[in-house]
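Subject: The model for you to look at

Hi there,

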Amino acid sequence: MAIKKGDDVELTIDSAAYKGKGIGKIDGLAIFVPNTAPGDRVKARIIKKKKSYREAKLLEVIEAGPDRIEPKCQHAKNCGGCNWQHVSYEKQLKFKRDQVEDHMHRIGDLTNIEVNSTIACDQKFYYRNKMEYSMGHKRWLSQEEINRDEFVSDRCFAAGLHAPGRFDKILNLNECHLQDPISFKILNFVRTWCIEHDIAPYNRIDHEGFMRNLIIRKAHYTDDLMVNIVTYKDDQDVVEALANALIDEFPDITTIINNINDTRSPTAEGRYEKVLYGPGYITDHIGPYHFTIDANAFFQTNTAQAEQLYEVAKSFADLNKDDILYDLYCGVGTLSLFLSEYCKKIVGIELEEVTINNARKNARENEVTNVSFIEGDMKDVFTEEVTDEYGEPDCLITDPPRAGMHPDVVERLKELKVPKLVYVSCNSSTMARDLKELNKVYDIQEVQPVDMFPQTYHIETVAKLRLRG
């Protein structure tokens with residue numbers, strides 16, 4: 001049976017695939033269908049034809065499988081923020097563990113590795129300390145709206161999240177359960193206020209309008225609350241009026257920032273920023289250490305679960321008081337500081353100057369004196385000269401971006417032969433690729449998934465490596 005683009009098919013979903021898509025087969029041909037769960041019998045339409053598989057969109061769940069549940073949010077079917085909300089949490093944990101093991105076996109050729117059960121997150125909703133909402137003049141229309149007989153306009157002041165795969169349309173949110181409930185209340189207030197005051201959303205095509213993004217940060221332990229208003233123009237009369245209205249309505253807000261992005265770049269980070277209210281930052285804790293978090297600074301998105309992740313990394317590092325630890329891709333130094341009391345010295349390396357400056361500031365504010373931070377591209381900076389200056393590492397932790405480590409860095413680790421190595425990853429497929437190479441020198445002793453992002457397919461993974469004797 002030749003299955004073409006545009007064909008409607010019926011199939012049973014057998015398993016959960018990468019990026020949260022369900023996978024079923026017809027005559028041995030794999031078909032990937034989002035918004036499905038194993039055991040579902042579905043009707044789907046083929047939208048992409050590839051050589052060895054097809055991609056389809058869900059038309060109807062004919063018969064629900066045993067793992068399917070009713071989503072908490074009305075937007076779950078159309079929103080990319082929580083693409084596994086229709087799957088029971090216990091099964092989410094299992095599917096994430098299975099995904100990591102599949103990558104270890106299939107990509108890493110590590111067929112002798114049995115991946116541990118996923119460490120669950122206690123807070124299954126409202127766990128994010130940061131939400132970045134987008135605003136635009138065109139909203140996403142659901143299939144139900146498109147199927148109606150009457151005309152439904154997609155032109156409005158839309159505020160929410162980009163529809164999956166669409167950067168030109170906004171899913172206009174009526175609820176959201178990813179961050180503390182005050183987050184959506186603030187978004188809804190700002191949207192209503194802009195409509196009432198005739199404040200236009202930014203239009204990327206015509207490069208006009210005003211409101212671009214709303215970013216809300218809510219500290220987990222201190223309850224500090226930041227509202228970051230990202231605008232296309234610098235109009236203090238408008239943003240100050242909005243800030244005053246926000247303070248009146250939400251007295252728990254501790255600071256309000258205005259980032260001005262007057263470029264065509266879609267980033268929510270402004271070319272410059274102004275503090276409208278409060279100190280211009282919030283503070284929070286990971287373990288005994290406190291961190292100052294600026295409007296555009298990186299910070300672990302799930303604070304409480306970051307501590308679980310760091311505890312796994314600490315256990316796998318098995319540090320001694322005389323150890324020298326290298327922390328590659330150290331970010332703002334949260335893990336470096338978390339581990340600082342367990343070893344003699346820590347050397348953190350990171351690419352961005354602003355990130356390294358934040359790391360140094362965090363070390364000073366926490367009075368941690370046994371950490372040093374180096375700025376630069378890992379493949380260029382992590383050299384023999386650095387280890388000669390700071391000392392040969394007894395243990396090394398690497399936490400690279402989604403793309404994994406540069407091949408030169410992998411080769412450097414193979415040559416350096418650090419006795420203890422810990423690999424932390426937000427992408428188990430690139431991690432498996434790197435571990436395949438490192439396995440020539442190191443034993444991969446343990447692999448532990450940690451669920452930082454419930455209701456999504458994303459998973460953090462920590463691997464414990466030891467130098468072969």
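Before the notes, a word on element names: helices (H or I, at least four residues) and strands (E, at least two) are DSSP runs, numbered from the N terminus. With that in hand, you can find Thr301 in the loop between β14 (289-294) and α5 (303-317).

The model is predicted, so local features need pLDDT of at least 70 and side-chain atom pairs count only at pLDDT 80 or more, while totals for chains, interfaces and linings use all residues. Residues are numbered from 1 along each chain as its sequence is written, and side-chain values use heavy atoms, with hydrogens and water left out.

**The chain as a whole**

The chain has 11 helices and 21 strands. Its radius of gyration (taken over C-alpha atoms) is 24 Å, close to the 23 Å that the globule rule gives for 469 residues, so the chain is as compact as a globular protein of that length. That rule is 2.2 Å times the number of residues to the power 0.38. Along the principal axes, the C-alpha atoms fill a box of roughly 70 × 65 × 35 Å.

Of the 469 residues, 55% are buried. Here buried means under 20% relative accessible area, exposed means over 50%, and partly exposed is in between (1.4 Å probe, protein chains only). Contact means heavy atoms within 4.5 Å. Among contacts between residues at least 6 apart in sequence, 64% join residues at least 24 apart.

**Helix α11 and its surroundings**

I would start with α11 (residues 428-438). How many of its 11 residues are buried? Eight are, so α11 is mostly covered. The buried ones are Ser428, Ser429, Thr430, Met431, Ala432, Asp434, Leu435 and Leu438. Their cover includes α1, α10 (407-416), β19 (420-425), β20 (442-450) and β21 (460-467).

Helix α1 (residues 89-106) packs against α11 at an angle of about 30°, with the axes 8 Å apart. Axes are lines fitted to C-alpha atoms, for helices over the stretch in contact, and angles run from 0 to 180 degrees between N-to-C directions. The two helices are therefore roughly parallel to each other; angles under 35 degrees count as roughly parallel, over 145 as roughly antiparallel, 65 to 115 as roughly perpendicular and the rest as oblique. On the α1 side the contact is made by Gln99, Val100, His103 and Met104, and on the α11 side by Ser428, Ser429, Met431, Ala432 and Leu435. By class, these residues are five nonpolar, four polar and no charged. Nonpolar covers Ala, Val, Leu, Ile, Met, Phe, Trp, Tyr, Cys and Pro, charged covers Asp, Glu, Lys and Arg, and the others, Gly among them, count as polar.

α10 also packs on α11, at an angle of about 35° and with the axes 10 Å apart. Val410, Glu411, Leu413 and Lys414 of α10 meet Asp434, Glu437 and Leu438 of α11. This contact has three nonpolar, no polar and four charged residues.

At 0% relative accessibility, Ala463 counts as buried. Leaving out residues up to four places away in sequence, Ala463 touches Phe316, Leu421, Val422, Tyr423, Met431, Leu435, Glu446 and Val447. Ala463 and Glu446 are 17 residues apart in sequence and 5.7 Å apart in space, C-alpha to C-alpha.

**Helices α3 and α4**

The axes of α3 (residues 182-196) and α4 (residues 236-249) come within 11 Å and cross at roughly 135°. That makes α3 oblique to α4. The contact is made by Ile186, Phe189, Val190 and Trp193 of α3 with Val238, Ala241, Leu242, Ala245, Leu246 and Glu249 of α4. Nine of these residues are nonpolar, none is polar and one is charged.

**Some loop residues**

Back to Thr301: is this residue buried or exposed? At 15% relative accessibility, Thr301 counts as buried. Its contacts, not counting residues up to four places away in sequence, are Tyr127, Arg128, Asn129, Lys130 and Phe453.

Asn35, in the loop between β3 (29-33) and β4 (41-49), has a phi near 60°, a positive value in a residue other than glycine. Asp223, in the loop between β9 (211-218) and β10 (225-231), has a positive phi too, near 65°.

Happy browsing, and write back with any questions!
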